[in-house]
Each structure stands twice: as structure tokens, then as C-alpha cells.
Amino acid sequence: SNMGELHIHSVLVTGANRGIGLGLVRHLLAMLDPPKWVFATCRDPKGQQAQELRNLASKHPNLVIIPLEVTDPDSIQAAAARVAEHLGGSGLNLLINNAGIAKPMSLDHETLENMTQVYTTNTVGALLVGQAFLPLLKKAAQGSPGSALSCTKAALINMSSSPGSIEEVYLWEQALVVSYRCSKAALNMLNKCQSLGYREHGILCVALHPGWVQTDMGGSGSQKPPLTVDASVQGMLKVLSSLSNKDTGTFLDWEGKVVPW
């Protein structure tokens with residue numbers, strides 16, 4: 001496994017019941033040296049959409065499924081309290097803000113409701129989750145020797161998307177998702193702010209583009225996305241294992257290449 005070098009004690013993935021989130025959980029559990037704790041959050045852990053996650057949890061005692069609605073501050077606080085309980089006195093090393101939504105709509109028909117809902121989930125959600133888990137990330141950083149930033153120490157990873165790159169406007173013809181593009185462009189700025197605000201606490205912050213991936217969200221159009229979930233996740237975990245001080249605040253893709261803002 002080329003991911004063997006990523007050694008983390010604890011990791012939390014939001015939006016973990018399907019797509020890239022579920023892929024991340026699968027690969028983390030399958031590592032040669034898996035995390036002691038993998039926290040997987042989703043809106044409805046008892047629902048039909050979380051069945052695969054529950055199947056994994058029945059085989060892996062280190063996987064803990066936690067309800068989390070990223071647009072609900074009370075839900076976020078409750079999730080953070082539950083994670084803290086499981087961790088005992090130790091901190092959270094890696095937080096992956098993966099939960100996100102897209103609402104396909106042409107530019108002419110884009111609505112206040114879509115713009116607001118997508119921004120609230122994809123951008124504000126990442127802010128609130130970061131705030132709630134900051135004490136646990138700080139704790140992890142304090143418990144790790146040395147000053148160098150890394151995912152082994154403490155990191156906040158924001159799942160972004162190059163459709164949100166103002167320079168690239170990736171897949172303009174294929175993806176009628178103005179609200180999604182705007183939310184990811186804003187998430188990139190949030191990531192930069194977090195990187196500057198949390199650096200003093202020893203926390204690395206990176207925005208990641210997973211590629212155009214074959215998921216329910218990515219594959220709804222007529223063209224088939226080129227990347228499988230497995231290929232994307234393997235690449236991203238490899239990238240995570242190599243991140244250091246120079247990478248905090250940057251926007252990278254699943255191969256570690258810089259994505260233009």
C-alpha cells in the first residue's frame with residue numbers, strides 16, 4: 001500500500017455514508033497501520049443511506065458512526081462532545097470536512113433558496129465544524145512533538161472542487177452548478193483564513209480537489225467521470241501523508257498538484 005506512511009491516531013470524516021466520504025473511511029480502515037479511531041459522521045446513521053457504513057462498523061471496532069448535520073450548530077456540538085468522550089484525554093489528529101451538496105440549475109434559473117442552502121452546507125458548515133473541533137485539534141497538536149505541521153500531528157482538510165476555481169471553472173459545459181461553484185470558491189477562502197488563524201496552534205489546513213469522481217453527485221450528467229472513488233481516495237491519502245508546513249493554506253488536487261484559485 002502506498003498509503004502506509006500516513007500514521008494517524010484519530011480521524012473524523014463528515015458526509016461519510018456514501019461517495020468520497022465512504023471511500024475515505026474504507027481506505028482508512030484498510031491501512032496497514034489503521035487509526036485507533038475513525039469517526040464517520042452522516043445526517044442519519046440509522047437510515048437506508050448509511051447501511052454500508054453500518055456494515056463496516058460491525059466488522060471494525062475502531063469505526064464509530066456519529067450523527068451530524070453540518071447546518072445545525074446543536075448537532076455539531078453534540079457530535080464534538082461524543083468524539084471527545086471516545087478520545088478520552090487525547091486530541092483529534094485529522095478532520096476531513098467532506099460533507100457537501102450540489103443543486104444542478106442553469107444560471108438563468110438559479111434561486112435564492114439554492115444559493116443559500118448550498119452555501120450554508122458547503123461553506124458555513126465547514127466553518128462551524130472547524131470551530132467545534134478546534135479544541136480537539138489543538139489538543140492533538142499539543143500532544144505531538146516538534147513544530148512541523150503534518151496530518152499525523154493535527155490537520156483540517158476541506159474537500160473543495162476545481163469547479164470552484166475562478167481561473168479554471170472546471171467542467172463549465174458539463175456541470176450547471178452555479179451555487180456549488182460559488183460555495184467552493186468561498187470554501188477556498190475559508191480554508192486560507194483557517195490556515196492563517198490556526199497555524200499558531202500547530203494545525204495544518206488544506207483545500208483538496210478529489211478530481212471528477214464517479215459518485216451520485218459527480219456522475220449525474222451524460223458523461224462518465226474519469227476517476228473511481230478508490231483511485232481518488234488512494235491519491236488523496238497519499239497526498240495527505242506528504243503534507244507539511246509549505247502546504248498549509250493551499251489548494252491541491254488528488255495527485256498533489258496545485259489547483260489555481
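This is a predicted model: local features need pLDDT of at least 70, side-chain atom pairs count only at pLDDT 80 or more; totals for chains, interfaces and linings use all residues.
Helices here are DSSP runs of H or I with at least four residues, numbered from the N terminus. By that rule, Gly 235 lies in helix α6.

Seven strands make up an open sheet, and their order across it is β3-β2-β1-β4-β5-β6-β7. The pairing is parallel. The edge positions are taken by β3 and β7 (251-253); each of these has a single partner strand, so one side of each is left without a neighbour in the sheet. On average, neighbouring strands are turned by 20 degrees against each other, direction ignored.

Consider next the part of the sheet around β2. Strand β1 (residues 10-13) pairs with β2 in the parallel sense over four bridges, and the bridge partner of Val 13 in β2 is Ala 40. β2 is also joined to strand β3 (residues 63-67) by five bridges, and these two strands run parallel. In that pairing, Phe 39 stands opposite Val 64 of β3.

β1, helix α1 (residues 19-29) and β2 form a β-α-β unit that is right-handed. From β2 the chain goes on through helix α2 (residues 51-59) to β3, and this β-α-β crossover is right-handed.

The two connecting helices pack against each other. The angle between α1 and α2 is about 10 degrees, and their axes are 11 Å apart. Angles under 35 degrees count as roughly parallel, and α1 and α2 are therefore roughly parallel to each other. In this packing, α1 passes α2 in a left-handed crossing. The contact is made by Leu 22, Val 25, Arg 26 and Leu 29 on the α1 side, and by Glu 52, Leu 53 and Leu 56 on the α2 side.

How many residues of strand β2 (residues 37-42) are buried? Six of its six are, and the strand is mostly covered. Both of its faces are covered: Trp 37, Phe 39 and Thr 41 are buried on one side, and Val 38, Ala 40 and Cys 42 on the other. Buried means under 20% relative accessible area; Thr 41 has a relative accessible area of 1%, and so it is buried. Leaving out residues up to four places away in sequence, Thr 41 touches Leu 12, Val 13, Thr 14, Gly 15, Ala 16, Asn 17, Ile 66 and Leu 68.

Now turn to β7 and its partner. Strand β6 (residues 204-209) pairs with β7 in the parallel sense over three bridges, and Leu 208 stands opposite Leu 252 in β7. Helix α5 (residues 178-198) packs on the sheet and touches β5 (155-159), β6 and β7. The direction of α5 makes about 170 degrees with that of β5. Helix α6 (residues 229-242) also packs on the sheet, touching β4 (94-97), β5, β6 and β7, and its direction makes about 155 degrees with that of β6.

This brings the account back to Gly 235 in α6. Is Gly 235 buried or exposed? Its relative accessibility is 15%, so Gly 235 counts as buried. The C-alpha atom of Gly 235 is separated by 19 Å from that of Leu 204, a residue 31 residues apart from it along the chain.

Note on methods
Residues are numbered from 1 along each chain as its sequence is written. Side-chain values use heavy atoms; hydrogens and water are left out. Buried means under 20% relative accessible area, exposed over 50%, partly exposed in between (1.4 Å probe, protein chains only). Two strands pair if DSSP finds at least two bridges between them. A crossover is right-handed if, with the strands pointing away from the viewer, the path from the first strand over the helix to the second runs clockwise. Axes are lines fitted to C-alpha atoms, for helices over the stretch in contact, and angles run from 0 to 180 degrees between N-to-C directions. Angles under 35 degrees count as roughly parallel, over 145 as roughly antiparallel, 65 to 115 as roughly perpendicular and the rest as oblique. A crossing is left-handed if the near helix is turned anticlockwise from the far one by less than a right angle, and right-handed if clockwise. Contact means heavy atoms within 4.5 Å.
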